[in-house]
Structure formats: structure tokens, C-alpha cells
Number of protein chains: 4
Amino acid sequence: MLHFDSDYMEGAAPAIMERLCNTNLEQTPGYGTDKYSNNARQLVRSAVGNHFADVHFLVGGTQTNASIIGALLRGAEAVVAAETGHISVHEAGAVEATGHKVITLPGKEGKLEADKLESYLHDFYEDDTWQHMALPALVYISFPTEFGTVYSLKELEAISSVCHRYSVKLFADGARLGYALAAKGCDVTIKDLYRLCDAFYIGGTKVGAMFGEVLVLKNKDLAPHFYTDSKRFGAMLAKGRLLGLQFETLFADDFKLYKECGRNGVEKAMELRAAFEAKGYRPAIDSHTNQQFFTLPNTVIDTIAKGATFEYWGPRGAESSTVRFVTNWATTSEAVAQLAALIP
Amino acid sequence: MLHFDSDYMEGAAPAIMERLCNTNLEQTPGYGTDKYSNNARQLVRSAVGNHFADVHFLVGGTQTNASIIGALLRGAEAVVAAETGHISVHEAGAVEATGHKVITLPGKEGKLEADKLESYLHDFYEDDTWQHMALPALVYISFPTEFGTVYSLKELEAISSVCHRYSVKLFADGARLGYALAAKGCDVTIKDLYRLCDAFYIGGTKVGAMFGEVLVLKNKDLAPHFYTDSKRFGAMLAKGRLLGLQFETLFADDFKLYKECGRNGVEKAMELRAAFEAKGYRPAIDSHTNQQFFTLPNTVIDTIAKGATFEYWGPRGAESSTVRFVTNWATTSEAVAQLAALIP
Amino acid sequence: MLHFDSDYMEGAAPAIMERLCNTNLEQTPGYGTDKYSNNARQLVRSAVGNHFADVHFLVGGTQTNASIIGALLRGAEAVVAAETGHISVHEAGAVEATGHKVITLPGKEGKLEADKLESYLHDFYEDDTWQHMALPALVYISFPTEFGTVYSLKELEAISSVCHRYSVKLFADGARLGYALAAKGCDVTIKDLYRLCDAFYIGGTKVGAMFGEVLVLKNKDLAPHFYTDSKRFGAMLAKGRLLGLQFETLFADDFKLYKECGRNGVEKAMELRAAFEAKGYRPAIDSHTNQQFFTLPNTVIDTIAKGATFEYWGPRGAESSTVRFVTNWATTSEAVAQLAALIP
Amino acid sequence: MLHFDSDYMEGAAPAIMERLCNTNLEQTPGYGTDKYSNNARQLVRSAVGNHFADVHFLVGGTQTNASIIGALLRGAEAVVAAETGHISVHEAGAVEATGHKVITLPGKEGKLEADKLESYLHDFYEDDTWQHMALPALVYISFPTEFGTVYSLKELEAISSVCHRYSVKLFADGARLGYALAAKGCDVTIKDLYRLCDAFYIGGTKVGAMFGEVLVLKNKDLAPHFYTDSKRFGAMLAKGRLLGLQFETLFADDFKLYKECGRNGVEKAMELRAAFEAKGYRPAIDSHTNQQFFTLPNTVIDTIAKGATFEYWGPRGAESSTVRFVTNWATTSEAVAQLAALIP
């Protein structure tokens with residue numbers, strides 16, 4: 001049976017496993033103070049081009065989203081996200097558990113649109129009763145989105161610009177960042193993300209790491225005690241070496257391994273897309289990253305399901321449904337070819 | 001200048017002021033343990049017809065909503081409300097501050113619809129990933145709604161029935177309850193609310209009291225420590241006499257004064273509606289309670305605004321806007337007649 | 001039966017009741033935007049001598065403590081209080097409900113001591129693991145304390161100085177502030193409180209008001225959105241006139257009525273103290289405010305209890321117990337004389 | 001340089017590393033639904049002797065403590081712990097971040113005493129004002145404690161019995177459980193913990209696992225939605241295989257590897273203790289687990305520090321200090337011998 005359900009089904013890139021084994025009995029100080037963590041932080045600072053960047057290692061995506069969003073907001077402040085944003089839908093109310101509302105706006109294929117965001121913010125302060133409502137203080141975007149789409153540099157700049165005009169911070173969820181950076185046509189770099197966002201994270205769990213996410217804050221002033229805040233959130237791993245070493249391995253030599261992981265996921269996704277297109281099925285969304293969506297006749301879905309697992313995203317009429325196939329750093333061309341052979 | 005902005009602009013029904021003055025120097029024990037509070041609780045239990053009803057006095061509406069919703073939910077549980085529900089829009093994220101998500105569904109003139117609610121709940125559990133989402137555990141309705149509309153008994157029974165089928169609790173925000181009960185065509189009684197809801201509150205602030213809301217829980221098991229919970233929420237008034245005595249006054253003789261307050265608000269609202277209709281303006285919403293909405297040409301609005309204040313609810317096209325006029329227990333026919341004279 | 005249990009047993013100073021009645025049917029805008037509230041805020045700004053002071057009206061003490069402490073703290077930050085501090089003991093975990101720890105230090109008759117506070121803060125940062133602990137970011141003191149004692153100006157300056165040295169904010173709970181300011185030997189003024197604290201509140205509920213507390217922040221930057229934050233906490237009263245008018249009445253003419261209320265409570269407390277001393281009973285604590293503590297033989301307590309109520313504070317050995325008697329703005333010399341007659 | 005600072009300095013038991021490598025490219029479903037997790041849960045249920053036991057895998061200790069304590073408490077309920085309890089001191093206010101107070105009682109070498117606990121609970125409900133205080137609803141103990149001590153079965157039964165009498169739940173933090181179970185004289189088994197506690201966790205991070213903790217709830221009713229609750233807390237690992245496989249490896253064959261890990265830590269601790277005793281230094285606390293405390297002359301400490309790291313626990317007079325040495329599953333007799341050679 002083939003598996004294209006999600007990008008967290010395998011473990012870690014072999015180079016990471018090897019180093020984890022080699023250093024397994026090395027004794028290192030805890031909580032991210034080890035040499036591997038220090039080095040990995042340095043690599044991130046170099047990549048974003050600013051040594052004031054404040055870098056933290058966390059274990060998972062929901063944890064990273066909720067702990068930093070909770071740290072950036074105060075009192076009645078709220079975060080604004082697309083209706084389809086991961087924090088709105090699939091994190092069990094983790095942001096709300098930190099006491100803050102998630103305000104949702106309609107998006108377009110997973111993306112917030114700068115003009116819609118601006119209209120919302122403009123109208124918010126036009127309303128005489130705005131002081132009785134949760135205050136928009138942070139914007140959450142996912143990069144790439146839950147639909148595999150990627151903001152262009154121009155779109156990201158526009159959103160960032162609206163945020164600045166309304167004194168709203170900007171945070172990008174990069175759970176699958178590696179697959180965006182490797183996507184055809186993506187003109188946004190990690191340096192751009194650092195420049196245009198107040199905070200973002202570089203996802204590891206889905207992009208070659210065994211687990212782990214790297215949170216990057218523009219500077220330490222944004223959340224001066226985030227180290228302790230993350231402890232309070234239960235998000236600080238005792239054995240910091242595990243995270244530091246993984247990201248050191250992924251980020252060494254100008255993010256070499258991280259880029260390779262991203263590239264493989266995208267290449268295999270493009271092969272998968274081509275396989276469906278060859279059978280006459282157009283993608284439901286024009287995604288150039290590792291998530292591919294197709295609206296297929298239910299009979300076709302049933303046929304493929306005999307040999308592969310993937311995610312069901314809901315019916316489209318009585319006879320068809322939308323489904324999602326996900327590739328990752330470990331997907332092989334052989335697996336894609338086997339999947340292709342299943343498509344009737 | 002006439003004022004029809006809201007139903008909290010005046011103080012308290014004269015009978016209440018009189019009793020507050022008469023008992024002002026009486027010494028009573030604190031925190032709702034005084035004889036007036038005990039008696040008022042008894043009057044509520046009689047009205048709902050069940051001596052297991054658990055009755056608490058609180059100071060304001062947002063406080064009541066957030067403290068009881070927070071007490072009824074655990075962990076990842078969430079409350080479901082109409083998009084226009086007061087807790088979704090105008091309470092500054094108070095529910096989220098207790099750690100819980102407000103899930104919104106489209107409503108119809110402020111009302112949740114039983115079939116839409118059922119579809120949502122049904123689909124929720126059909127989704128394979130439901131355990132990764134905030135869990136719908138409570139439904140919030142406002143009675144009457146923010147648009148002045150009132151659920152019929154049949155509608156309320158349908159919602160209650162859906163809630164029971166899906167093990168979801170039901171809570172009704174009765175900030176303006178008195179105006180619903182007095183509305184033409186309202187076939188729901190306080191006994192029905194008690195029977196069909198797990199909790200609801202009888203609003204005082206907007207219906208004759210100086211301030212205060214009466215929270216009614218079906219029984220003590222729903223929130224066994226709510227007395228202490230309300231203290232933790234800063235919602236317990238030291239001088240319990242103030243609340244107990246007000247509600248004793250409103251609820252004596254089978255809710256005599258409370259009903260009178262409701263009736264006056266509704267009567268004056270109907271006079272106001274008739275005044276607009278006489279000038280050819282149809283209500284924007286068919287409200288039979290104390291809130292009346294009209295979509296009027298902006299020139300008409302400007303003319304009325306010279307002699308009266310009211311709430312602006314937003315543009316309807318380039319030339320017209322929707323506005324809201326609110327009456328209450330203290331509104332006089334003279335004031336309505338003066339307003340009528342302002343309508344061009 | 002005489003009542004000396006607490007200072008919230010009666011209603012409001014007659015001048016307040018009169019004005020509440022006179023303005024009862026006046027229509028005013030809501031949520032503290034009315035003219036009475038504006039005027040009362042102005043009176044407070046004059047009293048503290050700084051027009052940048054940010055003034056908010058709230059309903060009760062626990063509500064005020066929890067909402068401002070919650071607004072001043074972020075993430076892993078905590079508040080430090082004496083073990084006997086009201087927030088540590090008698091507020092049902094309201095501060096913790098905002099997500100923050102209350103760190104307790106031993107006090108002396110209810111007061112924190114500057115040198116003990118300094119030792120604690122010094123040692124905290126000496127500990128290598130301090131970043132794994134809740135961070136002391138705010139100090140809470142009660143003025144007067146729960147034992148009726150009052151910080152001298154020198155003591156308050158010392159605490160304020162320690163706070164500044166360690167970048168810790170200072171907040172004073174003034175639930176009974178009027179009785180401190182009127183106490184013999186109190187050399188602290190409202191101006192001093194404003195100068196030495198980042199925030200404090202002027203208690204109304206226990207000092208002449210029907211209900212209400214006045215929160216004073218040094219400036220708006222401390223909690224920029226506190227108006228909305230208080231709404232989120234359910235602490236914003238719809239009918240702002242009720243609070244504004246009460247405090248306008250108490251604070252007019254250089255806090256004339258507020259001072260009278262304080263003075264009466266203290267005078268009657270001194271009469272009460274003299275009555276016990278005349279019978280040979282020394283106060284358990286040297287309080288010069290409206291709370292008086294005596295350790296009395298249980299037989300004496302039982303005798304007094306036949307004609308008066310008061311609070312039992314716990315046994316002192318097998319034969320004696322400590323009890324508390326509280327006077328207030330409404331206590332009469334006649335009542336104290338009747339109590340005196342009960343002392344065997 | 002030798003390292004005896006803590007028990008999280010190395011990685012994982014070799015057998016675990018090997019299996020992680022062997023299964024690295026195996027594709028498994030996420031979030032604990034994989035076969036390894038299912039099997040590990042089954043092994044735990046067998047070990048506690050009850051198939052109703054509800055078993056969850058989490059990543060770290062603070063996370064486990066805070067998420068389950070938060071899930072077990074409602075509203076004004078609080079957890080009671082020893083003053084030295086890890087949740088009171090070293091978790092950055094994580095429990096308070098879930099909204100609940102940590103009430104502390106003095107302990108004895110890290111242990112709560114049943115009679116002191118009973119006195120506290122008895123007195124709590126004797127106090128007339130108890131409904132205004134945070135309500136003790138859960139007791140937290142650490143097993144072994146932060147001082148390496150272990151409750152005897154009799155002590156644990158006494159605490160459990162007090163808890164039951166006062167309707168208070170009991171939770172045991174087993175971060176170092178393996179070292180307690182292997183300790184000389186420990187007469188408590190995992191079955192006893194299950195029988196006497198409502199919840200406890202079996203620590204992996206410090207006892208042979210790369211990371212991870214196994215939370216055991218008496219049954220599913222205690223926290224019916226804990227799976228989703230843990231997601232909301234950011235505590236659910238996407239790649240559930242990582243946790244399931246580790247604990248399957250540790251718990252197979254009647255906890256064979258887990259016991260070996262515990263045994264080695266304790267054996268090496270006893271060797272270390274003997275080394276100090278041979279030089280005339282008596283342990284500061286009679287610990288039979290993997291943490292050993294000595295009060296040593298500062299000159300001795302300085303000498304040892306030239307060749308080994310360990311934790312400084314504070315001064316004891318001007319000339320001596322208490323220090324902690326920790327062994328674990330990976331500590332070798334050689335390392336201990338080298339340490340012994342450093343002791344002057």
C-alpha cells in the first residue's frame with residue numbers, strides 16, 4: 001500500500017538519523033544551551049541576515065503557533081487569519097486556550113488578500129463600538145497555505161504593508177516552508193520572510209527533521225521572555241541537543257539539506273500532478289508545492305484507494321469528491337509511478 | 001434631544017430606587033447570603049417551576065455570558081453561536097479569555113436555525129479529523145436576538161432537541177428577555193426556557209433594574225462550584241442586597257414589575273414602528289420587541305439626527321443606511337411622538 | 001443585633017443615594033463616556049497631580065485586582081504578594097485565572113518588607129535556573145493591609161525603590177484606602193501613591209459608595225487597551241453614570257465626602273478600640289484604621305456575640321481566639337457604645 | 001570532564017536508537033494511531049492490570065503536568081503540592097497558565113505528609129469563607145520526589161485515603177519513576193500507583209527514552225476528551241510512531257528495558273554515594289534513587305568541579321554548600337570511579 005496522506009508519515013532524513021546516533025551518548029547541557037543549538041541558531045541568523053534575530057526551537061506546529069501567538073498578544077488583542085487557516089480549523093482551539101480570539105476573514109485558495117485585510121481593518125476602526133470588540137493586533141498567514149498555494153513577494157509585501165499601516169504584527173506559519181521555497185515561481189526568500197514578518201517559523205517535522213520547528217522573531221523585544229514563556233507552555237525540550245543537532249544538519253552549508261528535502265517533495269509532487277494530468281484530471285487548485293488536490297469521480301477515487309491512502313476533503317456534487325495527495329522529502333519517483341499506475 | 005440609542009441609558013424603575021433608598025442603611029450579610037437575595041432566588045425557582053434550579057445574581061451581561069460559558073466548558077470544548085451573536089461580536093473576546101473558542105454559524109435575522117445546527121454537528125463528526133478540532137459542547141442563543149427577533153416555541157424546541165441528540169448543552173442570553181416575553185406572538189415562557197435550556201439568564205440591566213442579571217442553571221450539577229467560580233471571575237458583588245432586592249422587587253407577584261417593564265418597552269417600540277410606517281418606511285427586520293431597525297435614506301437620517309440619537313448600523317447602498325431605535329421600560333409615548341414628528 | 005463583620009454591610013453615603021435618585025431618569029451614554037464619569041476622572045487626575053493618569057471605574061475589588069494584574073503581566077510573568085495578601089488568599093484564584101502565578105513572601109502584620117523583597121529578587125536572579133521559573137514582574141501590596149496596618153511613606157518608598165531597581169512594577173490595592181488616609185500617623189498621600197506605584201485603586205465599595213472602585217494607572221502606556229481589556233473581563237458597567245456620579249460625589253471639593261467617610265470609619269474604630277482597652281484588652285495588632293483585632297478569652301467572645309456579629313479569625317491557644325471588628329463610614333458612636341456595653 | 005548535572009544529558013537507550021533507525025522510513029499514520037503506539041498502550045494496560053486505563057503519550061514533563069492538571073480541574077479548583085514540588089517551583093507557572101492555583105504545603109524531604117494534608121483540608125472547610133478561596137480538588141505528588149526520596153506504600157495509601165475522604169483527586173509525577181521502582185526498599189509498584197492515584201505518568205525522557213512521557217489515567221471518564229485537549233495544548237506529536245515505538249521498546253517483556261534503565265541509574269548512584277561515604281561525607285538526604293545530595297566544604301566542591309559538573313543547590317553556612325549528583329540509565333561505573341578519584 002502506498003501512502004500519500006500527509007508529510008509526517010516517515011521519520012528523519014538519513015543524515016539526521018546518523019548524527020543522532022553518533023552523538024547519542026554525548027553528554028550535553030539541557031534546554032537549548034548546547035553547542036549544536038547555538039550553532040543552529042547562528043546558521044538561522046546568517047540565513048536571515050540579521051544577528052538580532054531571536055531564534056527558538058520547538059517541537060511541533062500547533063505548539064509553535066499557540067505559544068508565539070499567545071506571547072505576542074495582550075489582553076483583548078486577537079489574531080486575524082483566513083477562514084481556512086490551520087489555527088482556525090485544525091488546532092483544537094489552541095490559540096483560544098491562550099485567551100485570544102481568532103478573527104477569520106474569507107481567503108482565496110488559503111491566502112489572505114491584502115485589500116480584503118485592509119478593508120476589514122479600516123471598517124473595524126470606523127465602527128463606533130470597536131473598543132467593545134476583540135482588537136486585531138496580529139495577522140497569521142501560512143506559507144505555503146493549507147491548499148499548497150504560495151504568496152508572491154508582491155502579495156506578501158502588500159500584506160506586510162497593510163499590517164504596518166494598522167500597527168498589526170505579522171506572523172507566518174512555515175510548517176511546510178521548505179516546499180514553498182522550492183516551488184516553481186516562488187519569489188520569496190527566507191530573508192524576505194524575516195524582513196516582512198515580525199515572526200515566522202521554519203518547519204522541520206514535515207521537511208526532513210524527525211520533529212521540530214524553528215521559530216524566528218525579528219528581535220528579542222517582541223517577546224522578551226519567550227524562552228521562559230515556552231517553558232510555561234510545556235514547549236521546551238529538555239534534551240536540546242535533539243533539536244539543535246537536527247537543524248544544524250538541515251541548515252549547514254546554506255540550508256543545503258533543508259533545500260534538498262524541499263526540492264524532493266516538490267519534484268515528486270510535480271510528477272504526481274503530471275500523472276493525473278496525463279489521465280485528463282486537472283488539479284483542483286494550482287499548487288506548486290507538495291500538496292496536490294484533485295476533484296475526481298468517486299469511482300476513480302475508489303479505484304486508487306485500493307492501492308494507496310490519501311486524504312478525503314469532501315464531496316463536490318453527488319458523483320465527485322476532492323482529495324489530497326501529499327509528497328515529502330522521502331517520496332520516491334517509484335512510489336509516484338506506482339500511484340500513477342493506479343489511476344484509471 | 002431625544003435618545004433611542006440603547007436600553008441602558010436610564011437608571012432603575014422607581015419602585016426599585018425607592019426600596020434601595022429605604023434599605024440603604026440596613027445592615028445585611030454579603031455576597032448574596034442576605035434575605036432579599038434568598039427571597040429573589042425563591043421567586044425565580046417558583047417561576048421556572050423547579051426548586052432544583054440553581055440561581056445566581058451577577059452584575060452585567062458580558063460577565064454573565066463569559067463566566068457561565070467558561071464554567072460549562074472543559075478543555076477543548078467550544079461554544080457555537082450565530083455569527084451575529086453578542087458573544088461573537090461585541091464582548092471583546094471575553095469567552096476566548098476563558099480559554100474556549102466561539103464557533104460561528106450563519107444565522108437568520110440573528111437566530112440559529114435548528115437544521116443548520118444539526119448539519120454542522122452531523123458533518124463535524126463525519127470529518128475524520130474531528131478530534132483535532134475544538135469540540136462543539138454548548139450552543140449559545142440570544143433571546144431575543146441582537147436583531148430583536150424571537151424564537152418561536154417550535155424553533156426553540158427544535159434547537160433544544162438537536163442539542164440533546166448531540167450531547168450539546170444549550171444556553172440562552174436573556175439580556176432583553178423581558179421584551180421578548182412581552183412581544184406579540186411570543187409563545188415561549190420562562191418555564192419553557194428552563195425546560196429547554198441548560199442555562200439562561202434573565203436580564204435586569206436593560207429591563208428595569210439599575211443593574212444586574214439573574215443566571216438560572218437547570219441544577220447545581222452543571223457547575224457545582226459556580227458560586228466560587230463567579231468569585232474567581234470577579235463577578236460576585238460584595239453587597240448582595242443590591243442585587244437581591246432589585247430582583248425581589250421585579251419578580252414579586254408573579255414577575256409583575258418585570259412584566260410591566262417589558263410591556264412598556266414593547267408598546268413604545270410598536271408606537272415607534274407605527275410612526276415610521278405612517279411615513280412609508282417599512283422595518284428592515286420584522287421585530288416585535290424593543291429594538292426597531294429601518295433602512296432609511298441618508299437625508300432622512302440626517303434630519304432625524306437633529307433631534308434624536310440612535311445607532312447607525314451601516315450603509316445600504318450609496319444613499320441609504322440601516323439604523324436602530326431602542327425603547328425600554330422608561331420610554332414615554334411623548335418621547336415617541338416627538339420622534340415621530342422628526343421623521344420627514 | 002449590632003454588626004461589625006465587614007465594611008460592606010450598608011449601602012451608600014446619603015449624598016450619593018440622593019444624586020442617584022435625582023439623575024435616575026436622566027439619559028446618559030453608556031460605558032463610562034457620560035459627563036459624570038468624565039468629571040470624576042478629572043477629579044482623580046487633579047488629586048494625583050498628573051493629567052496623564054489613566055483612570056478607570058470598575059465594580060468590585062477582586063475584579064479590579066485580577067483585571068489589572070492580568071493586563072500588566074505577560075506570559076511567564078508573575079505577581080509577588082505577602083502570604084496574607086487578599087489576592088493570595090481570598091479571591092478564589094482570580095489572578096491565576098488570568099494565567100499568572102501569585103508568588104508569596106512572608107509579611108509582617110500584612111506588610112511586605114522592602115529588604116525581604118530585595119533578598120527574594122536578588123536570590124531569584126542568582127539561581128542558575130531562574131529562566132525556568134515564573135518571573136517576578138509586579139509587586140502587589142494592600143494599602144491598608146488585611147490587618148489594618150499602613151505602610152509609612154518611608155516603607156513605601158523603600159518598596160518602590162526595590163521595585164524600580166529590579167524592573168518590577170508596583171500595584172497597591174486600596175479597597176479601604178479612605179481608612180488608611182484618615183489613620184493617625186499615616187504620612188502617605190494619594191499623590192505619593194501615584195508617584196510611587198505604577199497602579200493603585202481607590203476603593204469605593206467599602207468607603208461610602210454603593211459599589212465601585214477607581215483604578216489609577218500612571219499612564220496609558222502601561223496597559224494601552226485597558227478599556228477594552230476590562231470589557232473582555234466582564235468588568236465594564238453598561239450604565240457608566242452609576243459609577244461616575246458616585247465618584248464625582250465622593251471626590252468633589254478635594255475628596256471632601258471620601259475623606260469624611262474615611263474619617264468616620266477611623267474615629268469609630270478608635271472609639272471601639274478604646275472601649276476594649278478600657279476593659280483591659282490590648283489590640284492584637286496595632287491598627288489605626290477601621291479594622292480592629294483582639295485576642296479575647298472565648299467566654300468573652302461568646303458574651304459579646306449575644307449582641308453583636310463580628311469575624312472569627314482563629315484560635316489562639318485553647319481558651320482564646322482572635323476576632324475582628326470593622327467600622328465604616330456609616331458606623332455611629334451609639335453603635336460603638338452599645339458594643340462597649342456588651343464587653344464583660 | 002564528567003557530567004552528573006541531570007538525567008537528561010544523553011540520548012536514548014541503544015535498543016531504542018536501533019529501532020528508530022530501523023523504522024525510520026516506515027510510513028505510519030500520525031498522532032498516536034500507529035501500531036507501535038497501540039501496542040505500547042496495551043503493554044501499559046497490562047502492567048497496571050486494567051484495560052480501562054486511559055493511556056496517552058506526551059513529549060515532556062512540564063507539558064504532561066500542566067496539560068493533565070489543567071484537564072482535571074474546573075473553574076475555581078486548585079492543585080495542592082509540596083512547596084518543593086516541581087510544578088510549584090520549576091515549571092515557569094505552567095499550571096497557572098491553565099488558569100488554576102497551585103496551593104503549597106510544607107513537605108518533608110520533598111514528600112507531602114498525609115496528616116498535614118488532612119489537617120489542611122479539614123481546616124479549609126472549617127473556615128467560613130472557604131467558598132471565596134481556590135478549592136483544593138487535586139493533589140500533586142512527585143514519585144520519586146525532587147529530593148530523590150520515595151513514598152512508602154503505607155505513606156502513599158495514607159495520602160490516597162485522605163484524598164478520597166475529601167473528594168480530592170491524586171496525581172503522581174513520575175518523571176523519574178524508573179529510579180523509584182528500582183530503589184532499595186521501594187515497596188510501591190506500578191499497579192499500586194494505578195490503584196491509589198487517579199492519574200500518574202511514567203517518565204521516559206530521564207529513564208532511557210530519547211524523549212517522551214506516558215500518562216496513565218484511571219479511566220476515560222476523568223478527562224473524556226484528553227486526546228483533543230492535548231492537541232489544544234500543543235502536546236500531540238504528529239509522528240506518533242516516535243513515542244509509541246520508544247515505549248514499546250522500553251515496556252516489552254514486562255518492562256524489561258525500562259527496569260534495566262532504572263536499575264543502572266540506581267546502582268551507579270549507590271556507587272557514587274559509597275564513594276563519598278568512603279571519604280567521610282554523609283548524604284544530606286537519605287536518597288536511594290538516582291539523585292544524591294551532599295553538603296560539602298566549598299573547597300571540596302571546587303576541587304571536584306575541576307573534573308566534573310553537577311548542580312549547586314545553595315549555601316549551608318559560610319563554608320559549605322549542598323550539591324546534587326545525578327546518575328542515569330547511561331552512567332558507567334568507570335565514570336563514577338573517575339568522580340570518586342576527584343573527591344579529596
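Guide: Helices, as H or I runs of at least four residues, and strands, as E runs of at least two, are taken from DSSP and numbered from the N terminus. The model is predicted.

In chain D, the loop between β5 (135-142) and α7 (153-165) holds Pro144(D). The peptide bond that joins Phe143(D) to Pro144(D) is cis, with omega about 0°. In general, most peptide bonds are trans, and most residues other than glycine have a negative phi. Chain C also has a cis peptide bond, between Phe143(C) and Pro144(C), with omega about 0°. There, Pro144(C) is placed in the loop between β5 (135-142) and α7 (153-165) of chain C.

Glu109(D), although not a glycine, has a positive phi of about 50°. Its loop runs between β4 (102-105) and α6 (114-126) of chain D. Glu109(D) has a relative accessible area of 40% and is therefore partly exposed, since that class lies between the limits of 20% and 50%. Tyr31(B), which is not a glycine either, has a positive phi of about 60°, and Tyr31(B) belongs to the loop between α1 and α2 of chain B. Tyr31(B) counts as buried because its relative accessibility is 18%.

Helix α1 (residues 14-22) and helix α11 (residues 240-278) of chain B have axes that come within 10 Å and cross at roughly 135°. That angle makes α1(B) oblique to α11(B), and the crossing is right-handed. From α1(B), the contact draws on Ala15(B), Ile16(B), Arg19(B) and Leu20(B), while residues of α11(B) in the contact include Leu242(B), Leu245(B), Leu250(B) and Leu257(B). Sorted by class, this contact has seven nonpolar, two polar and three charged residues.

Helix α2 (residues 35-48) of chain B packs on α11(B) as well: the axes come within 7 Å and cross at roughly 35°. This crossing is left-handed. Among the contact residues of α2(B) are Tyr36(B), Ala40(B), Leu43(B) and Val44(B), and among those of α11(B) are Gly244(B), Phe247(B), Phe251(B) and Phe255(B). The contact of α2(B) with α11(B) has ten nonpolar, four polar and two charged residues.

In chain C, helix α11 (residues 240-278) contains Cys261(C). Cys261(C) has a relative accessibility of 4% and therefore counts as buried. Leaving aside residues up to four places away in sequence, Cys261(C) touches Ala13(C), Tyr179(C), Val207(C), Gly208(C), Leu250(C) and Trp329(C). Gly178(C) is 83 residues from Cys261(C) along the chain, yet their C-alpha atoms are separated by 7.2 Å.

Finally, the relation of the chains. The same surface serves both copies, as 100% of the contact residues of chain B recur in chain A. Chain A can be laid on chain D by a turn of 180° and a shift of 0.0 Å along the axis, with an RMSD of 0.0 Å. Here too the same surface serves both copies, and 100% of the contact residues of chain A recur in chain D.

Technical notes. Residues numbered from 1 in each chain as written. Chains lettered and ligands numbered in written order. Predicted model: local features only at pLDDT ≥ 70, side-chain atom pairs only at ≥ 80, totals over all residues. Heavy atoms only, no water. Buried < 20%, exposed > 50% of the residue type's maximum accessible area, 1.4 Å probe, protein only. Contact = heavy atoms within 4.5 Å. Axes fitted to C-alpha atoms, helices over the stretch in contact; angles between N-to-C directions. Parallel < 35°, antiparallel > 145°, perpendicular 65-115°, else oblique. Left-handed = near helix turned anticlockwise from the far one by under 90°. Nonpolar A, V, L, I, M, F, W, Y, C, P; charged D, E, K, R; others polar. Least-squares fit on C-alpha atoms with pLDDT ≥ 70 in both.
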